[in-house]
Amino acid sequence: MTRTRTPRPSERPRTADGDLVNVGLLVLALTIGTVQLFVLPLVLLPRNPAWGWILVPITLTTTPFWSLIHESIHGSLLRSRTCNDRMGRILAVVYGSPFAMLKVGHLLHHRYSRVRERSEVYDPTKSSRQAAVLLFYLKLFGGLYLLEVLALLLTPMPERAIRALGRWVEAPDSVGGLVLERVAQPVVLRRFRTDAAAIVVVHTAAFVAYGAQGWMLLAAIGCRALIISLSDNAYHYGTELESPRAAMNLRLPRGLERFALSFNLHDVHHRHPGLRWYELRSRFDAEGGRYHLGWFSAVARQLRGPIELT
């Protein structure tokens, strides 16, 4: 059987409607980010502290916000590569982690998922059950996002120190060393440092704007960390090892699927990473796709904890 390759985004014609929708989503996402970071503390909270409740729906936009960054990582957000990457970097500043780090990590995820990257699996000959449980739940309940933010600590480190750190954390069941090795490349590191500086400036200014109510922003960021960390590996938990394309399509009501920018069709995405978010549903239908689990069920079943390698 002849294997067909899904064309890269740049190889396929874009529709005007697709570009227009993505531009609209970008404007909406950056407006929401601006409201969260500055409009709320400077304009709304001084009038009435009850305005702080709008952080609840804002936090619930975490998934589509990440989905837009994800589109930019794959070069699918905007037709111009330059504009695509610039918008990805701006979104990542609001998100709180440099785009260079997110892009390197995600592309390595596509290459090594279920091979080196299998966060719920532990080897009992190398780690105790207790240690595996502790690390697993720390990552599941916010730790993944925290690691992405802590990457800012790499900013003042010289290139050779980052490479040395990469060699130190290198392990056959992790992509951490590979991520650091790629971030240490001069062009990538320069962009990483620029974006890290922007993140520090923007978020420091936001906390100053919130003043005594900074706990509200901290709580919103904490909820973002929980959403990101809980959902990240739900699409891969318990799937076949040594198979980078192994992922699950998770059932969501159609309205929530659109809200998540079809991120729930993750099996389709891993097999056809060149497809844009609005093309995933039609490919799923054309292939007679099936759902492996419901989205909420898949997230909840991770609470079973780490899985012993057999």
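1. Let me start with overall size. A compact globule of 310 residues would have a radius of gyration near 19 Å, and the protein chain has 20 Å, which agrees. The radius here is taken over C-alpha atoms, and the globule rule is 2.2 Å times the number of residues to the power 0.38. Along its principal axes, the C-alpha trace spans about 65 × 45 × 40 Å.

2. A word on provenance before the details. This is a predicted model, in which local features need pLDDT of at least 70 and side-chain atom pairs count only at pLDDT 80 or more, while totals for chains, interfaces and linings use all residues. Residues are numbered from 1 along each chain as its sequence is written, and side-chain values use heavy atoms, with hydrogens and water left out.

3. Next, the fold in outline. The protein chain has 14 helices and four strands; these are DSSP runs numbered from the N terminus, with helices being H or I of at least four residues and strands E of at least two. Of the contacts (heavy atoms within 4.5 Å) with a separation of 6 or more, 72% join residues 24 or more positions apart.

4. Burial and surface come next. Buried residues make up 48% of the 310 residues in the protein chain, where buried means under 20% relative accessible area, exposed over 50%, and partly exposed in between (1.4 Å probe, protein chains only). The accessible surface comes to about 15,800 Å², and 64% of that belongs to carbon and sulfur atoms. These areas come from the Shrake-Rupley method with a 1.4 Å probe; for residues, only the protein chains shown count as cover.

5. On charge, the protein chain carries 37 positive and 23 negative side chains, yet the centres of the two sets lie 3 Å apart. Lys and Arg count as positive and Asp and Glu as negative, with His and the chain ends not counted. Each charge is placed at NZ of Lys, CZ of Arg, CG of Asp or CD of Glu.

6. The largest nonpolar core has 46 residues, and W66, I69, L91 and Y95 have the most contacts inside it. Such a core is a set of buried Ala, Val, Leu, Ile, Met, Phe, Trp, Tyr and Cys residues joined through side-chain atoms within 4.5 Å. Helices that each supply at least two residues include α1 (16–44), α3 (62–73), α6 (129–150) and α14 (295–301), while α10 gives the most, with seven residues. Leaving aside neighbours within four places in sequence, W66 is in contact with I73, Y95, L102, I228 and F263.

7. A151 lies in the loop between α6 and α7 and is buried, at 7% relative accessible area.

8. Helix α8 (residues 176–183) is worth a look: G177, L178, V179, L180 and V183 are buried there. The cover over these residues includes α5, α7 (159–169) and α9.

9. Please also inspect the loop between α11 (254–259) and α12 (266–271), where L265 sits; N264 is found in this loop too. L265 is buried at 0% relative accessible area, and N264 counts as buried at 0% relative accessibility. Leaving aside residues up to four places away in sequence, L265 touches N249, E257, L280, R281, F284 and Y291. With neighbours within four places likewise set aside, the contacts of N264 include Y235, M248, N249, E257 and Y291.

10. Most residues other than glycine have a negative phi. R114, although not a glycine, has a positive phi of about 70°, and E242, also not a glycine, has a positive phi of about 60°. R114 is in the loop between α5 and β1 (121–122) and counts as buried at 1% relative accessibility. E242 is in the loop between α10 and β2 (250–251) and is exposed, with a relative accessible area of 52%.

11. Finally, a glycine within a helix: G143 is in α6 and counts as buried at 15% relative accessibility. Apart from residues up to four places away in sequence, G143 touches L138 and S229.
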